[in-house]
Amino acid sequence: MITKLLTAETLDEAVFWLQKGEPVGIPTETVYGLGCNAFDAAAVCKVFAAKGRPMDNPLIVHIADKAEWQPLVREIPPLAHALADRFWPGPLTIILPKSDLIPAETAGGLQTVGVRFPAHPLAQEIIRKVGVPIAAPSANRSGSPSPTTAAHVMADMNGRIPAVVDGGRCFCGIESTVIAFDDADTVRVLRPGFVTAEQLAEIAPKVIVDDAVLAKLEEGKAAPSPGMKYRHYSPNAQVIMLNGDAETVAKYISLRFSHGDCALVYDSDRALYHSDAVYGYGDTDESRGAQLFARLREMDELGFSRIFVRAPRTDGVGLAVYNRLLRAAGYDVRDTAAKIYLVGLTGQTGAGKTTVSEVFATHGFAVINADTIARDVVQAGSACLAEITQAFGESLLLADGTLDRKQSAKLIFSDADAKKRYESIIFPHITKAVFNAIDAHAAEGRHRILLDAPTLFESGLHTACDYIVSVVADEQDRLQRIMQRDGISAEVAVARIASQHTEEFFCSHTDAVLKNHGTVLDLVSQAKLLIARLPDMN
Ligand code: TXA
Ligand code: MG
């Protein structure tokens, strides 16, 4: 099927298809809808099929005159009339018990129907010309961000429907506010939108925002609105939602930013960033609402794999934007102001870092071992290993596709340029994995973290630390220890030690230096003393 792009001038062709029982993409002021004759069960089924939508998720029925509402529902209570008079035509969907005119397919098997009188002139013209109410879900493939331009509809529906009417960019950019009534005086907001809870409260005696708007629905609990059950609005990229003020969010993002990442922040925040991959999505809740879905789609098109988004506040239209973001992020929302106390532990090979890190672990610190992470990031099939192979060829790989550590160590220790290139590939991957580990600990409420990293300075991770401890020891002791521990010759051990920072370096670059005099007990008690004296962790 070839999907034709129609305009206001060729809109009659859309009317033709709709009257024939075919689904058509139509503009509204919220998002584009995938319309069909609301009374025609077969046409409704085609909409479900084109969207890939579960059949138990009901469609909203669109009318072009308030008078068309009465026959669709059993009764219209006074409060519903009052709300319609105030907000229609506009982005408000009102759920009431349905009449027999609405087929079970349209209602997703429920006994209720959501009705909306859209404000977009082309939507109104289409509905009027077709002569019946138009059932229309958002015109995206189920699960992906709702379409706010005709091009978005084309991207999702090309070949699946006969036509899309181009009515320009949607004014709101997020779907309508969906409400139901708990009783004669009480409005329940099932989905927030441009008609805000505050505005509803100007008319309704009582307004309740349903729990599912801001929280994950509990497993097994019935959804007041079937759409709440399903994953929604998700781009292909991972979305991470960030709460906090401009500066705190900027610091959080900047520390974690790596290849494949982008950020959506407030327009006025952009000056705080130095990366091209940071985009504004507006400076008011309304403008963020208008741009959110388009931006998420754009980030996918640009090939980003991770999107950090600065969340809006949850009042006014901000609640709607926040709600869509939560679901796009799969509820991965982080408080950037939650203070993590990160201690960096570094020092010379064989000086006794492991002993010190064990002391931190027994004193409540979550320990992240950068060496373990460094091994993980070059696993067979990893993006990092692919980059290494691209830069240095297959010679660094073993037959089973894993990194040949001997060969790579040889390369790094023999050629300064190669070392630089090698490190410029692996450090960003290590840094990203370290921050993932930090964030995972923080999510579990562990805020005191020790990062054990021999290359703390080389990788740049030192800049993220609140406090840095180093461990040093006499060269002879270290030589013995690493020859024994790693089973290497004196020659290799000497070369390895020579490539490391000197004691003077650590003395001038770290907050505390622990000198290992050769007895474990002494080192342990130095470490304990240090932990007891660590500066304020709040
Ligand atoms: O702005 C909008 O509302 C757009 C445009 C096209 O009008 N339409 C839209 O439809 O967003 P859709 O199907 O993508 O989202 C409708 C939401 C779903 O979450 C659905 O579960 C809920 O409204 N809904 C519809 N009828 C309902 C009902 N009778 N009871 C409870 N929830 C209902
Ligand atoms: Mg939808």
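This is a predicted model: local features need pLDDT of at least 70, side-chain atom pairs count only at pLDDT 80 or more; totals for chains, interfaces and linings use all residues.

Trainee: Which strands pair with β5, and in which sense, parallel or antiparallel?

Mentor: Pairing is read from the bridges between two strands. Strand β9, residues 177–183, runs parallel to β5 and is joined to it by three bridges. Within that pairing, L92 stands opposite T177 of β9. With β6, β5 pairs in the antiparallel sense over four bridges, and here P97 stands opposite T112 of β6.

Trainee: In what order do the strands of the sheet stand?

Mentor: One follows the pairings from neighbour to neighbour. The sheet is open and is formed by 11 strands in the order β1-β8-β2-β3-β7-β4-β6-β5-β9-β10-β11, with mixed pairing. β1 (4–6) and β11 (206–209) each have a single partner strand and stand at the edges, so one side of each is left without a neighbour in the sheet.

Trainee: How is β1 held to strand β8, and which residue is the bridge partner of L5?

Mentor: β1 and β8, the latter comprising residues 163–165, pair in the parallel sense over three bridges. The bridge partner of L5 in β8 is V164.

Trainee: Where does ligand 1 sit, and which residues are the closest?

Mentor: For a ligand, one asks first about the site and then about the shell of residues around it. Ligand 1 sits in the second largest pocket. It is surrounded by 24 residues, of which the closest are T30, N57, H62, S176 and G227.

Trainee: Which polar side-chain atoms lie by an oxygen atom of ligand 1, and how much of the ligand does the protein bury?

Mentor: A polar side-chain atom of H62 lies 2.6 Å from an oxygen atom of ligand 1. For R116, a polar side-chain atom lies 3.1 Å from an oxygen atom of the ligand. In the side chain of S138, an N or O atom is 2.9 Å from an oxygen atom of ligand 1. Taken alone, the ligand exposes 670 Å², and the protein buries 96% of that.

Trainee: Are the residues of strand β13 buried or exposed?

Mentor: Here one reads the two faces of a strand separately. Strand β13, residues 261–265, is mostly covered, with five of its five residues buried. D261, A263 and V265 lie on one side, C262 and L264 on the other, and both faces are covered.

Trainee: Which strands does β13 pair with?

Mentor: Strand β15, residues 306–310, pairs with β13 in the parallel sense over four bridges, and R306 of β15 is the bridge partner of D261. Strand β14, residues 278–280, also pairs with β13 in the parallel sense, over three bridges. In that pairing, A263 stands opposite V278 of β14.

Trainee: How many helices and strands does the chain have, and what percentage of its residues is buried?

Mentor: The chain has 18 helices and 21 strands. Of its 538 residues, 52% are buried.

Technical notes
Residues are numbered from 1 along each chain as its sequence is written. Chains are lettered from A and ligands numbered from 1 in the order in which they are written. Side-chain values use heavy atoms; hydrogens and water are left out. Buried means under 20% relative accessible area, exposed over 50%, partly exposed in between (1.4 Å probe, protein chains only). Two strands pair if DSSP finds at least two bridges between them. A residue is near a molecule or strand if one of its heavy atoms lies within 4 Å of it. A polar contact is a pair of N or O atoms within 3.5 Å; within protein, one must be able to donate a hydrogen and the other to accept it, and residues adjacent in sequence count only if both atoms are side-chain atoms. Accessible areas come from the Shrake-Rupley method with a 1.4 Å probe; for residues, only the protein chains shown count as cover. On a 1 Å grid over the protein atoms alone, a cavity is a set of points where a 1.4 Å probe fits but cannot get out, and a pocket is an open set with protein on both sides within 12 Å along at least five of seven lines; lining residues have an atom within 4 Å of a point. A molecule sits in a cavity or pocket if more than half of its atoms lie within 2 Å of its grid points.
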